[in-house]
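These are my notes from looking through one structure, entry by entry. I wrote down what I looked up and what I found.

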Amino acid sequence: MLDYLPLCADNGRELTSVAFMCKKDQCTSQMDLVRLHLETYSFLGQIPGATPAIPGMFPTMFPLATGQPFGALPVMPVQAMTQQATRHARRVYVGGLPPTANEQSVATFFSQVMAAIGGNTAGPGDAVVNVYINHEKKFAFVEMRSVEEASNAMALDGIIFEGAPVKVRRPSDYNPSLAATLGPSQPNPNLNLAAVGLTPGSAGGLEGPDRIFVGGLPYYFTEAQVRELLESFGPLRGFDLVKDRETGNSKGYAFCVYQDLSVTDIACAALNGIKMGDKTLTVRRANQGANQPKPEQESVLLHAQQQIALQKLMLQPGAVSTKVLCLTQVVTPEELINDEDYEDIMEDMRGEGGKFGTLVNVVIPRPRPNEAAPGVGKVFLEYADIDSATKARAGLNGRKFGGNQVMAVFYPENKFAQGEYDA
């Protein structure tokens with residue numbers, strides 16, 4: 001049958017190659033070439049069920065499954081190739097896990113919250129298909145069914161898992177440009193985050209070049225106090241006071257992003273270096289040193305620094321309510337020069353302040369020719385009791401006067417009594 005075999009009978013390896021080439025020249029059609037393959041490999045025992053004529057030659061060179069067409073090579077299924085190519089965009093990093101977390105608890109939790117917020121887009125069933133946990137470093141990679149579901153999961157940053165807030169981020173191998181071709185890269189804006197106790201943009205907005213690092217915070221500062229300090233410059237788009245996972249206490253630093261990005265450098269310049277108790281604040285852009293404010297921002301910066309001085313009073317340890325309230329951003333020095341304007345402002349302040357209780361005194365420091373006047377731009381309201389002052393602070397803080405947002409803080413009674421208005 002194989003009339004060319006004697007050519008190379010002394011060497012099986014050459015027998016295959018040389019004899020095949022010799023016979024190949026005689027093939028006149030594609031069918032002849034296929035038949036030649038069959039003859040040669042049948043001789044060497046490469047067809048399932050055949051006994052090798054030369055033991056040990058080419059063992060399982062092309063392993064074939066039963067019923068698989070001859071010559072077909074094993075290939076990765078299309079679905080598997082798709083999963084591998086999209087994995088970087090379907091995984092999310094989850095940091096700050098408690099020690100009790102395990103693969104099953106993480107998978108169950110994120111599948112449940114994804115369903116609760118309406119984040120499942122790949123049909124019924126669990127959104128999570130796989131979880132890998134690094135127990136030593138307390139983080140996990142959570143793999144979702146689809147790229148869109150992974151993007152929706154990014155809105156879960158800051159969610160409480162087993163009593164602790166966890167961070168949800170993109171993994172380090174995430175390729176934004178490639179991911180953009182695979183599906184949505186941002187969470188669906190219509191997710192029902194309130195269903196799991198989250199506020200849209202509360203922590204998820206803490207990305208980008210305008211993210212601010214706030215370090216050196218005294219440990220006794222509460223989250224509400226730090227927010228109030230930062231919001232002196234405008235509303236926040238994102239805020240995160242970093243806390244110890246075990247105790248829940250502040251670690252002394254935070255991150256924030258302002259809704260109005262133009263105030264980023266102003267806030268950094270005004271807050272950086274400020275003394276708070278026994279600490280000194282370090283405030284800068286999280287990814288670089290703080291930039292210098294632009295010239296047109298300097299007047300805003302000066303006013304912001306005055307605000308910080310007032311905030312320091314409010315945030316001192318053991319600070320208590322007093323009968324005296326100090327308001328800022330109500331008047332400008334220019335408005336206080338004219339006597340008639342000054343009297344009108346005094347009357348307005350008596351009327352507004354009197355709505356909350358009995359006013360004992362109203363003091364509005366005025367500018368003095370050729371000399372510094374402490375407290376100019378502030379309004380002091382002295383009440384008959386602390387309860388009235390407390391109601392006034394709640395009612396006046398944050399209100400708009402002349403387009404400006406008023407900040408109201410309690411002021412030390414002894415300093416007010418001594419006429420010290422620049423504390």
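**Entry 1: helix α11**

I note here that the model is a predicted one.

Next I asked which residues of helix α11 are buried. In this helix, which runs over residues 386-396, they are Ser-388, Ala-389, Ala-392, Arg-393 and Leu-396. They cover an arc of only 140 degrees around the axis, so they sit on the same side of α11.

**Entry 2: Arg-393**

I stayed in helix α11 to look at Arg-393. Is Arg-393 buried or exposed? Its relative accessible area is 18% and the cut-off for buried is under 20%, so Arg-393 is buried. I then looked for a polar partner and found that the side chain of Arg-393 makes a polar contact with the side chain of Glu-228, at 2.9 Å. I also looked up Phe-356, which is 37 residues from Arg-393 in sequence, with 9.1 Å between the two C-alpha atoms.

**Entry 3: helix α10**

I moved to α10, which spans residues 339-353 and has 15 residues. From first C-alpha to last, α10 reaches 21 Å, close to the 21 Å expected at 1.5 Å a residue. At the start of α10, I found a side-chain oxygen of Asn-338 within 2.9 Å of the backbone nitrogen of Glu-340.

For burial in α10, I listed Tyr-342, Ile-345, Met-346, Met-349, Glu-352 and Gly-353. Seen down the axis, the buried residues of α10 fall within an arc of 135 degrees, so they line one face of the helix. On the other side of α10, I found Glu-340 and Glu-347 exposed.

What covers the buried residues of α10? I found that the cover includes the strands β13 (324-328), β14 (359-363), β15 (378-383) and β16 (400-401).

**Entry 4: Asp-210**

I looked for Asp-210 and found it in the loop between α6 (176-179) and β7 (212-215). Asp-210 has 14% relative accessibility and counts as buried. Its side chain makes a polar contact of 2.8 Å with the side chain of Arg-285. Leaving aside neighbours within four places in sequence, I listed the contacts of Asp-210 as Cys-256, Val-257, Leu-261, Thr-264 and Arg-285.

I turned to strand β3, residues 139-144, which holds Val-142. Val-142 is buried, at 0% relative accessibility. Not counting residues up to four places away in sequence, I found that Val-142 touches Arg-90, Arg-91, Val-92, Val-94, Val-106, Val-128, Asn-130 and Val-131. Ala-127 is 15 residues from Val-142 in sequence, and their C-alpha atoms are 9.9 Å apart.

I then looked at the loop between β2 (128-134) and β3, where Lys-138 is placed. Lys-138 counts as partly exposed, at 27% relative accessibility. Lys-138 is not a glycine, yet it has a positive phi of about 60 degrees. I noted the background: most residues other than glycine have a negative phi.

**Entry 5: aromatic rings**

I searched the whole structure for aromatic pairs, and the search gave 14. One that I looked up is Phe-139 with Phe-141, an edge-to-face pair with 5.5 Å centre to centre and 75 degrees between the planes. Phe-139 is buried at 14% relative accessibility, and Phe-141 is buried with a relative accessible area of 19%. I also looked up Phe-416 and Tyr-421, whose ring centres are 6.0 Å apart and whose planes stand at 55 degrees, so this pair is tilted. Both Phe-416 and Tyr-421 are buried.

Which residues form one aromatic cluster? I found Tyr-93, Tyr-132, Phe-139 and Phe-141 in it.

Last, I looked for charges over rings. Arg-91 lies over the face of Phe-141, 4.5 Å from the ring centre. Arg-211 lies over the face of Phe-255, at 4.0 Å from the ring centre.

Terms used:
Residues are numbered from 1 along each chain as its sequence is written. This is a predicted model: local features need pLDDT of at least 70, side-chain atom pairs count only at pLDDT 80 or more; totals for chains, interfaces and linings use all residues. Side-chain values use heavy atoms; hydrogens and water are left out. Rings of Phe, Tyr and Trp (its six-membered ring) pair if their centres lie within 6.5 Å; planes under 30 degrees apart count as stacked, over 60 as edge-to-face and the rest as tilted. Buried means under 20% relative accessible area, exposed over 50%, partly exposed in between (1.4 Å probe, protein chains only). A charge sits over a ring if NZ of Lys or CZ of Arg is within 6 Å of the ring centre and within 35 degrees of the ring normal. Helices (H or I, at least four residues) and strands (E, at least two) are DSSP runs, numbered from the N terminus. The expected span of a helix is 1.5 Å times one less than its number of residues. The arc is that of the directions from the helix axis to the C-beta atoms. Contact means heavy atoms within 4.5 Å. A polar contact is a pair of N or O atoms within 3.5 Å; within protein, one must be able to donate a hydrogen and the other to accept it, and residues adjacent in sequence count only if both atoms are side-chain atoms.
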